[in-house]
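Thanks for coming. I have one model to walk through today, so please bring it up on your screens.

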Amino acid sequence: MQPFPFYLDWIISGQFVGLCWAYQRGLYAQSGLDVELLWSEEDRTIVDKVVSGGICAGSSEDNLIVSGIAAGKRIKAVAGMLQQSPLVLMTKRSTGIHSLTDLPGRRVAMHADGIRILDAVLALSGIERTTIDLHEVNFDIANLVDDRYDAVQGYAMTEPIVLAEKGLEVCSVPERHPLLHAYAQVIFTSEECIAQRPETLRAFLAASFAGWREAMLHRDEAAQIVAEMAGTNTRVTTERHVIDALSSFVSGEIGMERFGVMDLARWQRNLDAYARFEIVPRRMTVAEVVDHRFLDEIYGIPQR
């Protein structure tokens with residue numbers, strides 16, 4: 001069995017249900033892989049873990065992968081678990097904030113890792129940042145519950161569900177634009193791993209994709225699997241809600257039969273936006289960032 005650590009960009013939860021299914025139902029083992037799902041609460045360190053980890057891979061937001069490459073890290077994105085970013089602004093329905101155009105004049109709380117993305121999306125949408133009372137804060141759900149701010153950064157498949165369980169209905173405003181439509185939970189690996197063990201990486205991806213398809217077909221069973229793997233950190237009912245919320249993010253416009261596929265033209269638009277708004281120091285090309293050979297091979301057609 002080939003050891004294959006995989007570094008998650010968050011704790012084991014429903015947002016990784018496909019990987020949990022592949023692990024618990026033996027899809028990795030059937031492919032000759034001894035996969036270990038490792039989580040970290042700080043995804044900025046995952047790039048370094050993957051670079052130094054030998055035959056392994058990880059998941060991260062696409063902009064953090066791009067920033068790593070710009071800094072000289074020899075990594076490549078190879079598949080996308082989420083077709084769009086779940087990064088949102090959460091608001092109470094009573095605020096009347098339903099889109100980015102409703103933000104001028106409002107108090108908005110963002111984490112340090114989200115402010116630059118919001119700045120870029122606002123600029124692309126023609127919204128003056130100076131019209132918004134924007135604050136950098138650490139995560140605290142009370143910021144919204146106690147009306148400290150009118151909108152706060154959240155993840156569409158987690159915090160809104162927790163708030164709903166507490167009886168608070170919220171609106172989720174996506175942070176995206178046609179010129180900046182990020183992928184999330186992007187699977188990436190080192191150039192070393194690609195060069196030395198491409199067959200191992202291909203087997204991991206194929207088993208993971210199968211796990212995602214099965215998990216989304218059998219959601220009750222999948223929620224039970226996640227809850228068992230997460231231990232005391234969660235409840236089956238919560239993970240079932242997360243999996244339902246996840247559905248549109250994993251299928252996007254491509255559907256589950258081509259799970260993981262990434263649009264290279266969309267990638268280039270994102271890269272151009274990251275350079276334009278100095279999220280990365282220079283303009284980068286898709287070839288520098290993405291290696292799509294494994295998607296080509298798994299699905300039998302070039303992904304362009």
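Which residue in S8 is the bridge partner of Ala109? It is Val152. Before going on, some ground rules. This is a predicted model, in which local features need pLDDT of at least 70, side-chain atom pairs count only at pLDDT 80 or more, and totals for chains, interfaces and linings use all residues. Residues are numbered from 1 along each chain as its sequence is written, and side-chain values use heavy atoms, with hydrogens and water left out.

Back to the strands. S6 and S8 run parallel and are joined by two bridges. For pairing, DSSP has to find at least two bridges between two strands. Helices (H or I, at least four residues) and strands (E, at least two) are DSSP runs, numbered from the N terminus.

The sheet itself is open, with five strands in the order S7-S6-S8-S5-S9 and mixed pairing. S7 and strand S9 (170-174) stand at the edges with a single partner strand each, so one side of each has no neighbour in the sheet. On average, neighbouring strands of this sheet are turned by 35° against each other, direction ignored. The angles run from 0 to 180 degrees between N-to-C directions, with axes as lines fitted to C-alpha atoms, for helices over the stretch in contact.

Next, helix H5, residues 112-124. Its buried residues are Gly114, Ile115, Ile117, Leu118, Ala120, Val121, Leu122 and Leu124. Buried means under 20% relative accessible area, exposed means over 50%, and partly exposed is in between (1.4 Å probe, protein chains only). What do the buried residues of H5 pack against? The list is helix H4 (62-70), strand S5 (87-92), strand S6 (107-110), strand S7 (133-136), strand S8 (151-155) and H12. Just after H5, Gly126 has a positive phi of about 75°.

Now the cysteines. The number of disulfides, meaning pairs of cysteine sulfur atoms within 2.5 Å, is zero. Cys56 is in no disulfide either, and its nearest cysteine sulfur, that of Cys193, lies at 6.5 Å. Both sites are covered: Cys20 is buried at 1% relative accessibility, and Cys56 is buried at 0%.

Two glutamates, for contrast. Is Glu257 buried or exposed? Glu257 is exposed, at 62% relative accessible area. Glu257 sits in the loop between helix H11 (236-251) and helix H12 (264-276). Beyond its neighbours within four places in sequence, Glu257 is in contact (heavy atoms within 4.5 Å) with Arg213 and Tyr299. Glu191, in helix H8 (residues 191-196), is partly exposed at 25%. Glu191 touches Arg74, Ile75 and Lys76, leaving out residues up to four places away in sequence.

Last, the chain as a whole. There are 14 helices and ten strands. The radius of gyration is 19 Å, close to the 19 Å from the globule rule for 304 residues, so the chain is as compact as a globular protein of that length. That radius is taken over C-alpha atoms, and the rule is 2.2 Å times the number of residues to the power 0.38. The C-alpha trace spans about 55 × 45 × 30 Å along its principal axes. Buried residues are 56% of the 304. Of the contacts with a separation of 6 or more, 81% are between residues 24 or more positions apart.
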